[in-house]
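Load the model in your viewer and keep the selection tool ready. This tour moves from one selection to the next.

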Amino acid sequence: MADVVATATTQPFFATLGPASAARIMAMCETLVCPRNTVIFEAGNPADNLYLVIEGKVKLTRSTTAEDLTPRDSLLWLMGPGDMFGELSLVDGGTRSTTATTLTRCSLLKAPGAHMLELVKGRHDVALAMLGRLSERLRRADDNTAHFVSGDVPSRLAYTLLDLARRFGTANPSTGHIVVRHDLTQHELAQAVGSSRETVNKALTDFATRGWIAARPKVVTIMEPEKLASRAN
Ligand code: CMP
């Protein structure tokens, strides 16, 4: 627990808070350690808690019905260390907008929603920290929409790989290559770009043949980020 607390206080959400607010939030949080594939909540559930990722990755998915009436899951976002989720329904009183499932083993902080709302009402720094995270997310959702409306599958995939690289990538200083452990299967990558596994596989193979990336299960190495970026545009 001490390790989790130490890590949590270095997260962007806490870094923007005053020490008193950070201490109040930490005191009300419960630590959860979940194995991979744990469903934390499902879309449509009533909301009671807010979550902060300390370690690991959580995928947020939503089911829709395709034109041929088959159900289809979209992967809306991958939460990593420092990301907060589950705040929308606390703020607007609605039900959960997505299903949250751990993609890897995770350490999470769980804050009771009612207490968190009281803090938001009483403490400006907490309200601003939450607004900051929401603004970031809205900007990203705008970028996503712009790319997804105008781009074909390879361009959406290139954009998504670069986005994953920005968040989860590690640069190798001697080669300049970026190793991205995204932990997604090809099926989940397809859900993230709104396509089929086969089409995503074809695009990955094409990028690899050009020497832009090397793809292994759940990991991609980006050798030519600029080429990928120009394909994303
Ligand atoms: P809530 O609706 O309470 O539960 C699901 C959570 O998923 C939601 O709050 C947000 O925290 C998060 N979420 C929903 N849509 C997105 C999105 N497009 N990008 C990132 N996070 C999202």
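Predicted model: local features only at pLDDT ≥ 70, side-chain atom pairs only at ≥ 80, totals over all residues.

## Stop 1: Threonine 221

Select threonine 221: it is buried, with a relative accessible area of 13%. Buried means under 20% relative accessible area, exposed over 50% and partly exposed in between, using a 1.4 Å probe and protein chains only. Threonine 221 sits in strand S12 (residues 219-222). Helices (H or I, at least four residues) and strands (E, at least two) are DSSP runs, numbered from the N terminus. Leaving out residues up to four places away in sequence, threonine 221 touches His177, Ile178, Val179, Trp212, Ile213 and Ala214. Contact means heavy atoms within 4.5 Å.

Residues are numbered from 1 along each chain as its sequence is written, and side-chain values use heavy atoms, with hydrogens and water left out.

## Stop 2: Helix H8

Now select residues 186-193, helix H8. Six of its eight residues are buried. They are Glu188, Leu189, Ala190, Gln191, Ala192 and Val193. What covers them? Show strand S4 (58-65), strand S5 (71-79), helix H6 (124-150), helix H7 (153-168) and helix H9 (197-209), which are among the covering elements. Step just past H8 to glycine 194, which takes a positive phi of about 65°.

## Stop 3: The pockets

Which element gives the most to the lining of the largest pocket? Helix H6 does, with seven residues. The largest pocket holds about 680 Å³ of space. It has 34 lining residues; Leu60, Leu76, Trp77, Thr98 and Arg140 are the closest to its centre. By class, the lining has 18 nonpolar, nine polar and seven charged residues. Ala, Val, Leu, Ile, Met, Phe, Trp, Tyr, Cys and Pro count as nonpolar, Asp, Glu, Lys and Arg as charged, and the others, Gly among them, as polar.

Go on to the second largest pocket, with a volume of about 320 Å³. Of its 15 lining residues, select Trp77, Glu136, Arg140, Arg166 and Arg167, which lie nearest its centre. S5, H6 and H7 each give two or more residues to this lining. The classes here are five nonpolar, no polar and 10 charged.

On a 1 Å grid over the protein atoms alone, a pocket is an open set of points with protein on both sides within 12 Å along at least five of seven lines, and a cavity is a set where a 1.4 Å probe fits but cannot get out; lining residues have an atom within 4 Å of a point. Points are joined across faces, edges and corners, and a volume is the space filled by probe spheres set on them.

## Stop 4: The cavities

There are two cavities of 30 Å³ or more. The largest cavity has about 50 Å³ of space. Select its lining: Phe13, Phe14, Ile25, Cys29, Leu50, Leu52, Leu109, Ala111 and Met116. By class, that lining has nine nonpolar, no polar and no charged residues.

The second largest cavity has about 40 Å³. Leu50, Glu87, Leu90, Val91, Gly113, Met116, Leu117 and Met130 line it. H5 gives the most to this lining, with three residues.
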